[in-house]
Amino acid sequence: MQTRKKYILLTFLASWLLLFLFGGDQLRRFAFSSGRKAEARRSWPRWTDRSLLKSFAEPEELQRDEDPALLSPRERRAAWLSAYRSGRCRMETCFDLSRCERNGFKVFTYPQERGQPVSETYSKILSAIERSRYHTARPEEACLFILAIDTLDRDRLSEHYVRDLEEKIRGSPLWNGGRNHLIFNLYSGTWPSYGGELGFDPGHAILARASSDSRSFRPGFDVSIPLFPREHPQRGGDGWGRLRRGSVPPKRKFLLAFKGKRYLTGIGSGTRNALHHIHNGKDIISLTTCKHGKDWEKHKDTRCDKDNVDYERFDYQELLHNSTFCIVPRGRRLGSFRFLEALQAACIPVLLSDGWELPFAEAIDWGKAAVVGSERLLLQVPGPDPAPHQHQTLIPHHRRRLRQIIKDRLSPHRSRSRLLWNALPGGLLVLPDFSTHLGDFPFYYLHHGYSPSKKFTAFIRAASQAGSLSQPILRLIQAVSGSQYCAQIVVLWSCEKPPPPSGKWPQSSVPLTVIQGRRKLSDRFFPFGAIQTDAVLSLDEDTSLSTSEVDFAFSVWLSFPERIVGFPTQSHFWDAERGRWGYTSRWTNELSMVLTAAAFYHRYYHSLFTEYLPAGLRELVDGLAACEDILMNVLVAAVTKLPPIKVTQRKQHKEGAARPAECGQGAAGTPPGPGGTEGARRLWQRQDCLDQLANWFGYMPLVPSRLRLDPVLFKDQVSVLRKKYPSLEKP
């Protein structure tokens, strides 16, 4: 019995010994893990490591771990979900797609309430929507709803803050819990945490907001937009920065620059306080000022006086336009005006704003246009890989890009890929209604190995009297149909009287189709279904061309399918005395337009002209004779950022004479005036058209060129038998 007790006691002691030796460490970890986790949550984020940052900034200049304004990602997410019950919204769950299937993508803006103040910026947004082709005045037709109440500024301390907003929107019969609504917001949250609170429950509404936090952002539902100032141009702008293709990196005076406020206390102060260490006064400029806020002198430190003096030595815009990289740190909120300002100046942004959901990130690959760093490791940023053209693709048309992203979500099978958004000319200029295959667009042939079809359609605009055809159009049809590349001839009849019967038209080796137009100049660029080829040869009925000229011009176009290639050219200039853009038809050593009276271009530009440009521009064309070809040149230049191409021409082109009076005024032509008044009037109309187009685009898209393409042996002293186009040299 004693032996048995001894064995039991030894076994018990051995078990405890083994448990202590092999499981003791795990027990200690288990005992203290909960305490450590709680401590970790309380002290997030821990990034003030002296050993890592001692060479960059003094620890007292950085934000403290115990700063009560800092919340962990989990705490921010929990606060968001507790405030807004729709934190897990997706297009499939919180958006009524059936409304868009019935009437297409229509947008309804709430009517303005009397006495309800609206900021200038929000008024511009509403005005732009109401001028677009998607706007509808009937709410029953709408796919998307926009509030008339200004929601841009939701900072409770702001003078633009609208109080009792939730009560006002819930009183609307259209609100429906926010479903199918789009809410714009630039500023949210307030001092000291700037946590992103809106002050009302958006429900199932899509939030288009600046300074979006990636932890509360609803992917595939919300849209992050850039923070833009009140004076930000609606279209283009003369201050846009430009980079030449292939200039990587751009050769500028400064390598890296920053000029801005230095917050002395509160959220956002740590990042900007640490930037002064990189300043060397030569190729790296970092300037800050303490002068902001009413009581800045109460908090100023030993650096403030010197910083304030150095701050005034450089002009902000001059610094942006002369720097290769521009630091864009967070402000009180995650976003900053500096982001757009750097892009406008063609300065590559260096982003220092942890947790910022970058604008339109679901479509734009910002890794190709910006350097994304970390606030925790201020000077350890990845190497840049920005494309020089990317800034030109990404900057303009914020509202259009927002609209198209939402529209693409409604039809995923026809949505634009990230490739289209991140390559010239950009997603906005690639219409899925035209095609979903890249090979059908003129911009991607060289990049993806596609090529246009080897045939063209001759598109002739005619305005002859009914019952007879002029000799010029008969000769033109004969010359064009003789081309080996001509697939068909389409005649746009622009007279009120019916066209001649089929028996009156000349016989040709290719099909000839006559289309009755609406007697509008914009009809010339309507995407008619009869045009089946990629290439379009646009012609006036009085144009004089030979078959050899047509063949050579088409062979040139095959190498430049994204451009206008043709014969008669014109140019623009800046008239300093009158302070406006001018137009000249004189033969000079420079050109910027090829008239569509005899020019090749891709048929996709018909779709862009009709579906992309606003109706107001087409109405301008219809009201001014001789304006439609200028608008087409401006459109193609705005899309490609390239000039047209002039090819060899036997005879000097003369702009068409006045159309017969039987065709009426305006669209079909203008009756001749006495003496030279008609030519002077047409010139004045062209100048006025060009100036109005520049005002609408916000800049002058036309690109000048001094290039003309001739056949290789053109006018060389060699045998005619060796020349492919000898007839081009004949007078």
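Colleague: A nonpolar core is a set of buried Ala, Val, Leu, Ile, Met, Phe, Trp, Tyr and Cys residues joined through side-chain atoms within 4.5 Å. How many residues does the largest nonpolar core have?

Modeller: This is a predicted model: local features need pLDDT of at least 70, side-chain atom pairs count only at pLDDT 80 or more, and totals for chains, interfaces and linings use all residues. Residues are numbered from 1 along each chain as its sequence is written, and side-chain values use heavy atoms, leaving out hydrogens and water. Tyr 122, Ile 146 and Phe 184 have the most contacts inside the largest core. The core has 56 residues.

Colleague: Which element gives the most to this core?

Modeller: Helices (H or I, at least four residues) and strands (E, at least two) are DSSP runs, numbered from the N terminus. Elements giving two or more residues include strand S1 (107-109), strand S2 (144-146) and strand S4 (181-185). Helix H6 (120-131) is also one of them. With 4 residues, the most comes from H6.

Colleague: Where does this core lie?

Modeller: Look at the domains, whose bounds come from an automatic or database domain assignment. Both give residues to the core, so it lies between domain 1 (75-224) and domain 2 (254-372).

Colleague: How many residues are in the second, separate core?

Modeller: That core includes Val 594, Tyr 604, Phe 697 and Tyr 699. Its count is 53 residues.

Colleague: What share of the protein chain is buried?

Modeller: Buried means under 20% relative accessible area, exposed over 50%, and partly exposed in between (1.4 Å probe, protein chains only). The protein chain has 731 residues. Buried residues make up 53%.

Colleague: Is Asp 551 buried or exposed?

Modeller: Asp 551 sits in helix H18 (residues 547-559). Leaving aside neighbours within four places in sequence, Asp 551 is in contact with Ser 483, Gln 484, Tyr 485 and Tyr 725. Its relative accessibility is 10%, so Asp 551 counts as buried.

Colleague: How far apart in space are Asp 551 and Gln 484, C-alpha to C-alpha?

Modeller: In sequence, Asp 551 and Gln 484 are 67 residues apart. In space, the C-alpha to C-alpha distance is 7.6 Å.

Colleague: Which residues of helix H20 are exposed on the other side from its buried ones?

Modeller: In H20 (residues 615-623), Leu 617, Leu 620 and Val 621 are buried. They cover an arc of only 100° around the axis (directions from the helix axis to the C-beta atoms), so they are on the same side of H20. Exposed on the other side are Glu 619 and Gly 623.

Notes
Contact = heavy atoms within 4.5 Å.
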